[in-house]
Amino acid sequence: MPSRPGLLDRVEQYAVVASLPDAPPLAAGALAVPIGPPAWPFPARPYPGTRTVPADDVRAAVALQEEAGLPAAVEWVVDRTPSLAAAARAAGLLVTEFPLLVVDDPVELLLPLGVRLYLVGADDPALPHYQHLLETGFAPHAAEAPGDAGEDPGPPDEARTAVLRERVATGRTVVMVAVEDGTPVAVGSHQPVDVDGTEISEVVGVASSPRRRGRGVGAALASALVAQARETADLVFLTAGDDDVARVYERVGFAWLGSTGVAARPPD
């Protein structure tokens, strides 16, 4: 495996290249600002190799995003651009840091008895439902949550579903769902990107039903996503929601690499 700095560099390169097919970037000083359909927004990011970003560049990036009807959002590898947190705060954004992990020594975990795993096709009529689960997870009040009961989660975002269908059809998003007794109990995806002839993939949106937790369903699904991604990808990484979630990913062979910084408008 490449050195830690080398891996961080490759994650930076992936993040910028990933938006190119959907949202070619505009420049806001040291930040690349992808401008594309609001249905599938990408955050602004430092150009690879950038170490210092001033607050004025963040303000300029946010102005471009909001002018295009996109959410104000900036993401970065904290270990590579440590100055960006202070710049984002000075620009009025709320900053949060999350664990960044990379697959080191993958571990195969088996699904519990009775749980089956499926790859989701672009023409699957349940794709809007899986999209809802990918984006919102399973609600904490699972006994009443439509997403956990297998019911209609509400009107889907048709524009966003159309983008997801196209991404699944072209292989830019791979969606997996674990099903028990006809009900989805976990869902996740990974997003492969070719970076200078080398495939890199990011695991995103893994969530499992609170009512089925403690059985290893989410960890087994993450393990299966890693195995599927590694059929073609040389590097697989993810950003975990918190330290506890990161420890779950360690069980399937991820290792801590650094931190991902995320900046957005504070909630109203």
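The buried residues of helix α6 are covered by, among others, α4, β7 (174–180) and β8 (183–195). Contact here means heavy atoms within 4.5 Å. Helices (H or I, at least four residues) and strands (E, at least two) are DSSP runs, numbered from the N terminus. This is a predicted model, in which local features need pLDDT of at least 70, side-chain atom pairs count only at pLDDT 80 or more, and totals for chains, interfaces and linings use all residues. Residues are numbered from 1 along each chain as its sequence is written, and side-chain values use heavy atoms, with hydrogens and water left out.

Which residues of α6 are buried? They are Arg160, Thr161, Val163, Leu164, Arg167 and Val168. Buried means under 20% relative accessible area, exposed over 50%, and partly exposed in between (1.4 Å probe, protein chains only). After α6 comes Gly171, with a positive phi near 80 degrees.

Helix α4 (residues 127–136) meets helix α6 (residues 158–170) with axes that come within 10 Å and cross at roughly 100 degrees. Axes are lines fitted to C-alpha atoms, for helices over the stretch in contact, and angles run from 0 to 180 degrees between N-to-C directions. From α4, Leu127, Pro128, Gln131 and Glu135 make the contact; from α6, Arg160, Thr161, Leu164 and Arg165 do.

Two helices can be set against their expected span, 1.5 Å times one less than the number of residues.

| Helix | Residues in helix | First to last C-alpha | Expected span |
|---|---|---|---|
| α1 (residues 4–17) | 14 residues | 20 Å | 20 Å |
| α6 | 13 residues | 18 Å | 18 Å |

In α1, the buried residues are Leu7, Leu8, Arg10, Val11, Glu12, Tyr14, Ala15 and Val16.

Two loops remain. Asp181 is in the loop between β7 and β8. Its phi is positive, about 55 degrees, although Asp181 is not a glycine. Asp181 is exposed, at 74% relative accessible area. Asp196 sits in the loop between β8 and β9 (198–208). Asp196 has a positive phi of about 55 degrees and is not a glycine. Asp196 is exposed, at 75% relative accessibility.
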